[in-house]
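Let's take a walk through this protein together. Have a look at it, and then we'll start with a pair of charged side chains.

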Amino acid sequence: MTLVFPLITFPYASRILMPEGIGRVNFANSIVSYFTMLAGLGIGAYATRGAARIRQDKIQLSKFVKEVFFINLVSTLIAYSLFFITLFFVPKFSEYHSLLLVCSTTIIFTTLGMDWLYSALEEFRYITIRSIFFQCVSLIFLFLFVHTKEDYIKYAFFGIISSVGSNICNFIYARKFINFNIKVKLALKPHLKPIFTFFGMSLITSVYTMLDSTMLGFLSGDVEVGYYSAATKLNKMVLGILTAVTGVLLPRLSLYAEKKDESSFKLLVEKAMCVVILLGLPCTVGLILLSQSLVLLFSGSEYLPAVLPMQVISPIILIISIASLTGTQILPAVNKEKIALISYCLGAVTNVVINYLLIPRYGALGAAIGTVTAETIVTGFQIIILGKSVVKRTIFVNFLQSFIATTGMGIVVYLIITYVQNILLQIGLGIACGVGIYSILLFLLRNRYFRLYSSQFVGRLGHRK
């Protein structure tokens, strides 16, 4: 759904709102995201790890949730206060008042949603069903009410329906797992130091994940933000799927670390790294080759300046997927989040400097270069620190096999783009033949994890029949 939902909504919205309208909404969302981050205070990752370790004790879990939730409410009130001060004292925001107010509703509902609780409990089935329902509701409202380029505020509103609705359900459903009425003395102080460490990670990460659109808005204008949004939309959709693969691992890794089950911990890390490489490498190459066709299909000819930025930024699919595993899952699970924080600081400084130098001259392309460079530094630093935990012969062999298979796939996709003129056929044949060639080559190369998971998939299909 992370992939399918935007594939339906963005082509429709981009043609109606045009680059300027899309740019305005994304600029507003980038501003609000800073206050959402401040309200979150890094609690998500910390609370997921902490709750996962005591999830079998309902009394302790209830106490933990109440303590963390109270801290989260205080940080949310502070964030909202700063948001309103900024809203009325920054001249640039005077033309965005209504749009920013609409987008800001995510701040309070993100706190109420306590998504971290469901991740800690590994309630991923509930998360999926809930998300799909509200995404469908949002989709229906989008088609019913967004018809002209002046409807960008409605577009922003319907874009947050899925998250707001999901968070309301979360708050209600939480009573199944915890007792809010339990009488306990809240101990807030022990949580503050690790929470602020995670907040530092969140703050620094936001510099190079959210600052691109913000700096583009200030230094280049809404149109360049629109081009950048089109350039990164498909990358973010594919990236969302890959990070979802690793995003479910923190509770389990934390549990293994707590039990000192080193063998299970290492095996899970190895599996996750191999799967990320198997999926991330071909997706990166495929998007680079099909970038022009995809931009024309999903955004329209008005967004052709987004093609080169999209090609430049596509490597983040693999780079961030690896960093999501190393920096967001492995390091926090073993209480080494400070190492991740240092890497994010390096990336943030790099991104700010490159953006400041390149955005005024190159616009969206400059922002793309800054992001790729920053993410490469972050991921490289984390891999060097983790060393043998992620640099293993099995993982290297898996990467080499994936590289060979991706090369063969890339040649076939390039030939299709060269000799097939129809955009739909380029994309359809490119994806179908690319997946086919890649799978065949992995099979011939006897890739261990491809064979393992493909056989499991076929076995499950046969079992259902």
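Asp115 and Arg130 form a salt bridge, with their closest N and O atoms 3.1 Å apart. A salt bridge here is a side-chain nitrogen of Lys or Arg within 4 Å of a carboxyl oxygen of Asp or Glu. Asp115 sits in helix 6 (residues 115–120) and Arg130 in helix 7 (residues 124–145), so the pair ties together parts that are 15 residues apart in sequence. Helices are DSSP runs of H or I, at least four residues, numbered from the N terminus. Arg130 is buried at 8% relative accessible area, while Asp115 is partly exposed at 35%. Buried means under 20%, exposed over 50%, and partly exposed in between, using a 1.4 Å probe on protein chains only.

Keep in mind that this is a predicted model: local features need pLDDT of at least 70, side-chain atom pairs count only at pLDDT 80 or more, and totals for chains, interfaces and linings use all residues. Residues are numbered from 1 along each chain as its sequence is written, and side-chain values use heavy atoms, leaving out hydrogens and water.

The structure holds five salt bridges. Another one joins Lys63 and Glu67, at 2.5 Å from N to O. These two are four residues apart in helix 3 (residues 58–89), so about one helical turn separates them. Glu67 is buried, at 3%.

Glu270 counts as buried at 10%, whereas Arg448 counts as exposed at 51%.
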